[in-house]
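Hello,

Here is the structure I said I would pass on. Please open it before you read the notes under it.

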Amino acid sequence: MRTSQTLLPTLREDPGEAETVSHRLMLRAGMIRKVAAGIYTYLPLGLRVIRKIERIIREEMDRAGAQELLMPIASPAELWRETGRWDFYGKELLRFKDRHERDFCLGPTHEEVITDLIRREVRSYRQLPLNCYQIQTKFRDEIRPRFGLMRGREFIMKDAYSFDKDEEGARLSYQKMYDAYVRIFTRCGLSFRPVEADTGLIGGTSSHEFMVLAETGEETIVYTEQGTYAANVERAEVLPPKETSTEVPRALRKVPTPGARTVEEVTAILKTTPQRLVKTLLYTTSKEPIAVLVRGDRTVNEIKVKKLLGVTDLQLAGQETVMTLTGAPIGFTGPIGLKRVRLVADHEVKALRNFVVGGNEADTHYVDANWDRDCTIEEYADLRNACAGDPSPRGDGALRVARGIEVGHVFMLGTKYSKAMSATFLDANGKERAAVMGCYGIGVGRTAAAAIEQNHDAKGIIWPVPVAPFHIHLLPLSQSAQVSEIALSLYNSLIQSGIEVLWDDRDDRAGVKFNDADLIGAPYQLIIGDKGLAQGTVEFKLRKDGTVTRLAPDQALKHAQTLLLDGSSAL
């Protein structure tokens, strides 16, 4: 492809709207353009990356026995009402009425649509197992779309759905998809880690996220360096402490803490540490108000709290509610004397003695509080986020923390959807059973963005070979007859051998061409200049580290083929 004939509007300056590396570089490299908040047009270079990722996905899904189909983006409300998700999904579900005033939505996912198809077409266990997938546009009306393709409203997704006759078969299907995902992200040239995850709005019994490791990642994961445990911080289990404080309980004291609302302010006044303070966070639910207690240096895991309480709505109480329930402003809530509120606490605080809590009175805290004597907790549970240094729940070392970008997610759904929608079949004994389901998603655009977040430098993108828009950026540094002749010859020979080349044939300065080449990020640059040709050489430059190899023009094709084969590219 010639640059002069390509829609490739590169930018010199960082766009003001860009918040992440991938967003900034995809805009600057002319790969995407914004249409509306969270909605983008893929320009030719960006679409080439998307299509390469899609091809890898298709090959591995087909290899795993899945069958491709294509479902509509719009679906009727009736299907969503059968599963209860029409109301449960919330405002992220973009709803509309057709001309007949019938309710529809733009699908953010397709469990309802695929389950409706299978219940109409599958009658016997002999038709199972079945796994169908699609690569299609989805729409989720995010409250705050941001980060370019990382959190858009309209996005391209591969979603697959498996149907089995029993749990054993479903686990096998799940493992096949898990293994396929490992191959997909490995082939994309990414450094990633599968982690245990929460099932979220999809539901089901278990799930794994596939996280591309990057310092700029929006998710936190915990893992063991030498062991096998890895989990999203929302899902990661935290074991109860093995030891309990042996301190002798001291007398409870009420101490003034004027203006001290935060953990830092309180501990500074009382000359203590966050580890000896218990935070009391007040929440509201549809059932009752809840007070959640964690150590001062910990963070409440609201997903764990929801599961413990069996609720889907959990909101941090506002100033008015806190004042009504405690008699004090936010920052002074504590468990002692707190009435009309259910108290639940993290395991870790149970081991404390002589700790600090809020006094339920403005500018007041209690010092040397102790459980049972001063207040009673209804239930202790794992309610906090895991941290670096916590023991692994698998007993395989201490946890470490990393940042990651979710690019794929696999779910064991069980019969959540098949029972709700009567997707049943007759087993070998003629008994009607609900199909056991799994679902498996990959964010195609997110995978492209994650590749950039993991592979870039101050100059621009450094694409992994398998997903790069082009393998080689051909850079003639002048318009002389000799340079132009060699450039054309090399371009044709590389293209004919199946190597993808972007030829910068513009009549522009060398510096402009180098800047654009580094920005666009093809893995290799083939540089042709008058000075080099005078010495009988062209330059082959590795974008990743700048290594330059000088060789004769007639050796360039063989060298390129060797490099690409060594780089395990999917040509």
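This is a predicted model: local features need pLDDT of at least 70, side-chain atom pairs count only at pLDDT 80 or more; totals for chains, interfaces and linings use all residues.

Residues are numbered from 1 along each chain as its sequence is written, and side-chain values use heavy atoms, with hydrogens and water left out.

Cavity. A cavity is a set of points on a 1 Å grid over the protein atoms alone where a 1.4 Å probe fits but cannot get out; lining residues have an atom within 4 Å of a point. The count comes to 1 cavity of 30 Å³ or more. The volume of the largest cavity is about 40 Å³, meaning the space filled by probe spheres set on the points, which are joined across faces, edges and corners. Its lining residues include Ile118, Phe163 and Ala435.

Glutamate 196. This residue is in strand β9 (residues 192-196); strands are DSSP runs of E, at least two residues, and helices are runs of H or I, at least four, numbered from the N terminus. Glutamate 196 is buried at 15% relative accessible area (buried means under 20%, with a 1.4 Å probe and protein chains only). Its contacts beyond four places in sequence include Tyr229 and Arg394, where contact means heavy atoms within 4.5 Å.

Lysine 304. Helix α8 (residues 302-309) holds lysine 304, which is buried at 11%. Among the residues it touches, leaving out those up to four places away in sequence, are Glu234 and Asp382.

Regards

Methods
On a 1 Å grid over the protein atoms alone, a cavity is a set of points where a 1.4 Å probe fits but cannot get out, and a pocket is an open set with protein on both sides within 12 Å along at least five of seven lines; lining residues have an atom within 4 Å of a point. Buried means under 20% relative accessible area, exposed over 50%, partly exposed in between (1.4 Å probe, protein chains only).
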